[in-house]
Amino acid sequence: MCPLYFLINSRLAPALLATLNLAFDMLRIFIGLSIAFTYTLMVMGNVVTTTGSGLACPDWPLCYGTVIPPFELQIWFEWSHRLLGGTTGILILSTTIIAWLTVRGLERTLITTALGLLGLGAVFGGVIVLIEAPLLEGALHVGIISFHIVLSTIIFTLMIFAFRVTQKGVEYSSEERTYVYLFAIVFIQVIIGIFVRYGQASLACPDFPLCRGEILPTLIDGKVAIHVIHRAMALLIFTLVTGYMIFAIKAKYNVRNAVITFILVLLQATFGANIVWSGMFLPYIVLHGATGFLTLGWLAYRSAPIITRKQTSFPSYM
Ligand code: HEM
């Protein structure tokens, strides 16, 4: 007789089921922690680069050849960023192990892909320091530095999808398709924002809402072009989100989610405008990054049941 058949029909079955349920709950806790740590890491990365602390630790993976480097603010920004990165790595690795022991479906693929990307990101983080990428010029520099944070953005999104897939009581049809489109547009906008930042195009348009005193400036160089594209996309997103909120209020349909989305985008645009008006005041830069990633996370959360079609292996254990 098949051992599995024997187990299912034996007195051990309830205990086995309880253990599986416990492991499944643990998986969800680990996915949740991975999301929180990845998000904090992304915001912290912003603080590190904005304060020019990126190369405060000249070596890698240690800092000044030790785990307790000299006490200097920039060094400790960079070092705590790395420690946070290490913890996030361990969390995602543990989540992957639990996923392989617990589930078989899409959530396992999502989590494993996140781990793969994390490995790639860790190697890249080291490469940035070792080849002194910040000293490189042009597109190569922008590409290498941005790749790191683009990877984190994808990992963050994959983990949110995995979280949603493992959530009980969420159905494919329980969400609206609008959030899928908003998620896609905001994802592109976040990537463009990252290019604005690492392409040093943040003040390519030093005024707002005009750019160099014009509605549509001559796109003299790549920096002005990427900055203008970022603003044009922001206008598009703002218009879509406002329109959707008005529709939701009139139709009395899912108003809460539409209002949350509108508030996030409004805050995001306000912080963006303030970065320019203040000439790069640090808190606005950090808040703009933090709200941007939060908005993306929120839209990923809302659209995940539709994008993943809620393919979970969970019911097979119930
Ligand atoms: C839905 C709207 C928007 C989204 C989702 C968004 C998202 C982002 C993201 C994710 C970044 C990169 C942050 C980082 O690397 O930590 C960024 C950078 C930036 N964004 Fe936006 N943004 C939006 C609207 C705006 C608006 C309206 C402005 C106004 C000018 C703006 C100006 C900037 C600037 C100047 C940067 C570079 C900041 C830096 O150097 O750190 N953004 N944006």
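Read along the sequence, the pattern is α-α-α-α-α-α-α-α-α. That is nine helices and zero strands. Helices here are DSSP runs of H or I with at least four residues, strands are runs of E with at least two, and numbering starts at the N terminus.

Some ground rules. This is a predicted model, where local features need pLDDT of at least 70, side-chain atom pairs count only at pLDDT 80 or more, and totals for chains, interfaces and linings use all residues. Residues are numbered from 1 along each chain as its sequence is written.

How confident is the predictor? pLDDT is its confidence in each residue, from 0 to 100. The protein has a mean pLDDT of 87, and 87% of its residues reach 70 or more. Among the elements, helix 8 has the highest mean, 97, while helix 1, residues 3–9, has the lowest, 62. Where pLDDT is low, predicted coordinates should not be read in detail.

Now the packing. Of the 318 residues, 36% are buried. Buried means 20 or more other C-beta atoms within 10 Å of the residue's own; exposed means 12 or fewer; partly exposed is in between; C-beta atoms are placed from the backbone. Take contacts between residues at least 6 apart in sequence: 74% of them join residues at least 24 apart. A contact means two C-beta atoms, placed from the backbone, within 7 Å.

On to the ligand. There are 28 residues around it, and Gly193, Ser202, Gly272, Gly289 and Gly292 come nearest. Which helices supply at least two residues of the shell each? Helix 2 (13–50), helix 6 (178–198), helix 7 (222–251), helix 8 (255–277) and helix 9 (282–307). By class, the shell has 14 nonpolar, twelve polar and two charged residues. Nonpolar covers Ala, Val, Leu, Ile, Met, Phe, Trp, Tyr, Cys and Pro; charged covers Asp, Glu, Lys and Arg; the others, Gly among them, count as polar.

Let's go helix by helix. Helix 6 has 21 residues, so it should span 30 Å at 1.5 Å a residue, and its end C-alpha atoms are 30 Å apart, which agrees. The expected span is 1.5 Å times one less than the number of residues. Just after helix 6, Gln200 takes a positive phi of about 55 degrees.

Is His230 buried or exposed? His230 is buried, because 21 other C-beta atoms lie within 10 Å. Beyond its neighbours within four places in sequence, His230 contacts Ile192, Gly193 and Val196. The C-alpha atoms of His230 and Ile192 are separated by 6.2 Å, though the two are 38 residues apart along the chain.

Helix 8 holds Asn274. Asn274 is partly exposed, because 16 other C-beta atoms lie within 10 Å. Its C-alpha is 8.8 Å from that of Phe208, 66 residues apart along the chain.

Last, helix 9. Helix 9 bends by about 35 degrees at Tyr301, and Pro305 follows within four residues. The bend is the angle between axes fitted to the seven residues ending there and the seven starting there. Just after helix 9, Arg309 takes a positive phi of about 50 degrees.

How values were computed: A residue is near a molecule or strand if its C-beta atom, placed from the backbone, lies within 6 Å of it. pLDDT is the predictor's confidence in each residue, from 0 to 100.
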